[in-house]
Amino acid sequence: MTPDTLFQYVPTPATLVKKEKLSDFVTLFTFQPDSGRALMHKPGQFIMLSMYGVGEAPFSVSSPPNASGSTFELAVRRIGNVTNAMHAMKVGQKVGIRGPYGTSFPVQDFVGKDTIFVAGGLGYIPLRSLLHYQLRHRDEFGRIIVMIGCRNPSERIFIDQIKELEARDDVEVYETVDCGDESWCGNVGLITSLLPHVEIDPDITHVAMVGPPVMYKFVIKQCQARGISRENIYVSLERHMKCGIGKCGHCQINGLNACVEGPVFKYHDIQTHPEAI
Amino acid sequence: MTSYTVYMDQLPGLLELWAKEFQVHVPVEVEEGIYDFVPWRKDEEIAWEYDVAYNTLKRFFLPPRETLLRFDPAACTAEVVCEAPKQLLFGVHPYDVKAANQLDTLMRKDVPDNNFIARKKNTVIFALEPAAVARNAFWASVDAHKVDNGYDLYWTRISSASFHVEVATRRGKELLLAGGPLDLATDADKEATRRAHQRIVKESLRNGLKYPWRETADILSRAWDSTLWQHRARHCFSCGTCNLVCPTCYCFDMKEELDNSLTKGERYREWDGCMMDSFSRVAGDHNFRPHTRERFRHRYYRKGKYIFDKIGQLGCVGCGRCVSGCTSGIADPKAVFNELWEADRHDS
């Protein structure tokens, strides 16, 4: 029995070691588990984070597995009680964590294949874990195509990292905003406006997509129109997990528990679930 | 299986013995025609012929509010809380035993929920053959008129002065014989038990599903776009009563609170209900089931299909509590399922 099965709801402590502002609302938090042991997560998995006295909430891990030592990163938007309390934290303060939970992007299936990352808004956060994993093992993967869409330029996150990606010749980056402003001289339009510009070989292309609920059906339709098999389209469906272990019912998508059978699903497996997309 | 005959006048002595070790709960008439399980007291008149306990018995394994952790916010440490009082529920009808068994299966699935398991383990269940069928009940038609596990003793009242008691576990036998030897049941007593069971099942079958219960999931797989959801849910107040009184609903929310000094706190879970508007709302105020029709449909899919797909049982035991409790009279699983079955038959 792992500790998880013995104490399923008990978090273990982790310390905030770094805090970096990504936008007016989003901050990147780096945590070090006090146990000294790495989280052992896989790209796409989430953890439950406790701000004692405020509450507990689920967060996707944004760093790739074992990025540097045993720290891990969460990029969090300030939107509710727990996230507001997190933003008020100082380096050195502690939180409680449990997990990782849920399914992940099956990294082995992407080996030797081209990958299109479709990141709508904060969807870049969980995808970044898979993306950085692929970049670390660059030779094992084919083309890496990154598509990023935001509502407006002020909501862009990881701006410097994305600039670095753009500078590389082994990564293709396409970015768009729904509504531009005077600071923005890039593409303006929905995220669906990006795919038509890219030449792809549908037989060897995998898609990993995370974004707001409204995004999925349009992008999936587009991918299928380009000949990408529904077997090769992966989505991460985020719901408000409360227990993380398939009991509390909050994250149910029809009969599936997004915390156990998800959050990462192969589109093929959920296309008949009307509540999924 | 060993069975005994227990006489009514032997019961007070036994109850006293059991109450020394367990918190004993029995069904009593709490208001005219309304029954519920309450802590047993000497001279308490047990309602042997109760039709249904007003509140679900899930509260004994999954309390409405249950502390899971105590924490120190400054030190950022937490310790597990796992309370499991020794309790004895005397007089549980088979459909409620079945509901408890179902919760047990689901709570053990994948990652086990140890708080639930500990409570369930420390609970002795003495099942009782129903002697009356509640007006809204339909348990025999959903396969909940019999159970083969999840109880320690099975009691059937065979005369005004005696019970036939079938032993199911060693713990049950020890408790039954705690006051001394009892008469082994005679063949006549066993026959009386069989007849009592037959009579009540027949009565329960008068009201129920019009088709074999196993077909429910299949019917639902074609009913997603039925207009029934809109028709019925139009009157739904999203009050969540059907969730609260349901013996197989187990959704919960996680909350916490600090003490007055803000130095200690506890995290607890509290019953939640999928009929409530807030249930599937996420950050950014997005709601995955914003309309009552979607929540109403989800509840019936969960009862009729999702749980069936997982463990092969209907998630409804036909107790009829939701029918009685529903503020606007729309929550009736047998009416919903029968109507969908009729429509399905018509379509095919």
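A disulfide is taken here as a pair of cysteine sulfur atoms within 2.5 Å, and by this rule the count over all chains comes to 0. The model is a predicted one, in which local features need pLDDT of at least 70 and side-chain atom pairs count only at pLDDT 80 or more, while totals for chains, interfaces and linings use all residues. Residues are numbered from 1 along each chain as its sequence is written, chains are lettered from A in the order in which they are written, and side-chain values use heavy atoms, with hydrogens and water left out.

Between the chains, 42 residues of chain B are in contact with 40 residues of chain A, contact meaning heavy atoms within 4.5 Å. The size of an interface is often given as the accessible area lost when the parts come together. Buried area, defined as the accessible area (1.4 Å probe) that two parts lose on being put together, summed over both, is about 3300 Å² between chain B and chain A, and carbon and sulfur atoms give 59% of this area.

The interface also holds 3 salt bridges, each being a side-chain nitrogen of Lys or Arg within 4 Å of a carboxyl oxygen of Asp or Glu. One of the salt bridges joins K242(A) to D253(B), with the closest N and O atoms 2.7 Å apart. On the side of chain B that touches chain A, β11(B) gives the most, with 5 residues, helices (H or I, at least four residues) and strands (E, at least two) being DSSP runs numbered from the N terminus.

Elsewhere, A88(A) lies in the loop between α2 (81–87) and β6 (94–101) of chain A and counts as exposed at 56% relative accessibility. Leaving aside neighbours within four places in sequence, A88(A) is in contact with K19(A) and Q93(A), whereas A88(A) and R78(A), 10 residues apart in sequence, are 10.0 Å apart in space, C-alpha to C-alpha.

Key:
Buried means under 20% relative accessible area, exposed over 50%, partly exposed in between (1.4 Å probe, protein chains only).
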